[in-house]
Amino acid sequence: MKRIVTIQDISCFGKCSLTVALPIISACGVEACPIPTAVLSTHTGGFKGFTIHDLTKEITPITEHWKTLNMNFDGIYTGYLGSPEQLKIVSDFIDTFKKDNTIVFIDPVMGDHGKLYAGFDESFAKKMAVLIKKADIIAPNLTEASYLLGEEYKDNYTDEEIRDMMLRLSALGAETVIITGVRRQDKLGVFAYESKENRFTEYFRERINDTFHGTGDVFASVCSSALVKGFNVKEAIEIATDFVVECILATVPDKENHWYSVKFEECIPSLVKRMF
Ligand code: PXL
C-alpha cells in the first residue's frame, strides 16, 4: 500500500484540511499519516469566534521520532500552514523524508476569490513561494498563484495569461503546476503544466454557481492520492475535478445548512470505483 504524510491543520468543524484529507486519502486506498499543525474549533472561512491552538512545537518531536523508525513516504502532501516557522519546519521535513520516489505535493493554501484568508499577508506568500521550490507538484488556485508571483489578482484571465503564469510558477521550482478554479463562461476547471514534457493539459466541467469552502482540500487530497497511486497528471486532475463537481452537486440542494463545506462523504463510493 502507498503511504502519504499530510501536514496541515485540523479544523474540528467545517470539513476542510485534515478532516477532508484523512478520509479521502484512505478511500483512495492510500495509508494516511497526519501531522496536525494546529487545532481550530472551525475553519476561518465564515465562523465568528473560532479558536486556534498552534501545534508548531509538536511537529519536530514527531519527525524526530519518525526518523528513528526509518519511516518512508510515497507522498508528502501539505495544505494549510499557519506561520513562516511552520513553512521552515515543513521545508526541513521534506529535506529529511523525500526519497527518489517520493512525490511532494504542495497546496499553497492562502486565499481564494482574490483575497487572502484571515491571518495571511504578502510576506507569508513570499515565504510560501520559497517553500514551493521543494515541490514536485503545486496546486494553487488563481488567487494563490497571483500572490506567489507577487502580482495583482484579476477577476478574469485569458488562457494565454494562465499558461504564462504556469510557466513562471514552474520557474519557481516545481516540475508540475496545477491551477485550480479556472472560470470560463459556463465552465469551471483546472489547468496543468508539466515542465519536463513542456505539456499543457486542461480539464473543464460545467460551472455550478455556488461556491463552498474546502473544495481545494478535496481536490488536493484526491489528486495527490491519485498521483501516488500511479495515475498520470491528466488522469489525476480529471478524477479530482470530477469528484469535486460531484461533491458540489451533492451539496447544492442543502446549501443553506451546509454552506461551510461539501458533502464529500456521500460521494466516496464513486471515488472508490475510480481508484481501484
Ligand atoms: O480549506 C482551506 C482551509 C484550511 N484550514 C483552515 C482554513 C481554510 C480555509 O478557510 O480556514 C483553518
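## Close-up views of a predicted model

**View 1. Phe93 and the residues around it.** Apart from neighbours within four places in sequence, Phe93 is in contact with Val5, Ile7, Ile35, Thr63, Trp66, Phe73, Ile76 and Lys98; contact here means heavy atoms within 4.5 Å. You'll find Phe93 in helix H3. Helices (H or I, at least four residues) and strands (E, at least two) are DSSP runs, numbered from the N terminus. Is Phe93 buried or exposed? Phe93 is buried, with a relative accessible area of 4%. The labels work like this: buried is under 20% relative accessible area, exposed is over 50%, and partly exposed is in between (1.4 Å probe, protein chains only). Glu175 sits 82 residues from Phe93 in sequence, and their C-alpha atoms are 19 Å apart in space.

Before moving on, a word on how to read these views. This is a predicted model, in which local features need pLDDT of at least 70 and side-chain atom pairs count only at pLDDT 80 or more, while totals for chains, interfaces and linings use all residues. Residues are numbered from 1 along each chain as its sequence is written, and side-chain values use heavy atoms, with hydrogens and water left out.

**View 2. Helix H3 from end to end.** How far apart are the end C-alpha atoms of H3? They are 20 Å apart, which agrees with the 20 Å that the 14 residues of H3 (residues 84-97) should span at 1.5 Å a residue; the expected span is 1.5 Å times one less than the number of residues. The buried residues of H3 are Gln86, Leu87, Ile89, Val90, Ser91, Phe93, Ile94 and Phe97. An α-helix has 3.6 residues a turn, so residues three or four places apart point the same way. Thr96 also belongs to H3, but Thr96 is partly exposed, with a relative accessible area of 32%. From Thr96 to Phe120, 24 residues apart along the chain, the C-alpha separation is 27 Å.

View 3. Nine strands line up in the order E3-E2-E1-E4-E5-E8-E9-E10-E11, with mixed pairing; two strands pair if DSSP finds at least two bridges between them. Strand E3 (52-54) and strand E11 (199-206) stand at the edges with a single partner strand each, so one side of each has no neighbour in the sheet. Helix H2 (residues 56-68) packs on the sheet and touches E1, E2 and E3, and its direction makes about 165° with that of E2. Axes are lines fitted to C-alpha atoms, for helices over the stretch in contact, and angles run from 0 to 180 degrees between N-to-C directions. Strand E1 (residues 3-13) and strand E2 (residues 31-42) run parallel, joined by nine bridges. Phe13 stands opposite Thr42 in E2.

**View 4. Strand E10 and its two partners.** Six of the eight residues of E10 are buried, so the strand is largely enclosed by the rest of the structure. E9 and E10 run antiparallel and are joined by seven bridges, with Thr176 opposite Glu194 in E10. On to E11: E10 pairs with E11 in the antiparallel sense over eight bridges, and the bridge partner of Glu194 in E11 is Arg199.

**View 5. Residues with positive phi.** The hairpin of E9 and E10 has two residues between the strands, and there Gln185 takes a positive phi near 40°, although Gln185 is not a glycine. Gln185 is exposed, with a relative accessible area of 71%. In the hairpin of E10 and E11, which has four residues between the strands, Asn198 takes a positive phi near 50°. His113 has a positive phi too, near 50°, and lies in the loop between strand E6 (111-112) and strand E7 (115-116).

**View 6. Helix H8 and Val233.** Helix H8 (residues 233-251) lies across strand E9 (176-184), strand E10 (187-194) and E11, running at about 20° to E11. Val233 is in H8 and, at 9% relative accessibility, counts as buried. Leaving aside neighbours within four places in sequence, Val233 is in contact with Thr176, Ala192, Glu194 and Leu227. Val233 and Tyr193 are 40 residues apart in sequence, and 9.1 Å apart in space from C-alpha to C-alpha.

**View 7. Helices H1 and H7 side by side.** Helix H1 (residues 17-27) packs with helix H7 (residues 215-228) at an angle of about 35°, with their axes 9 Å apart. In H1, Ser17, Val20, Ala21, Ile24 and Ile25 meet Asp217, Val218, Ser221, Val222 and Ser225 in H7.
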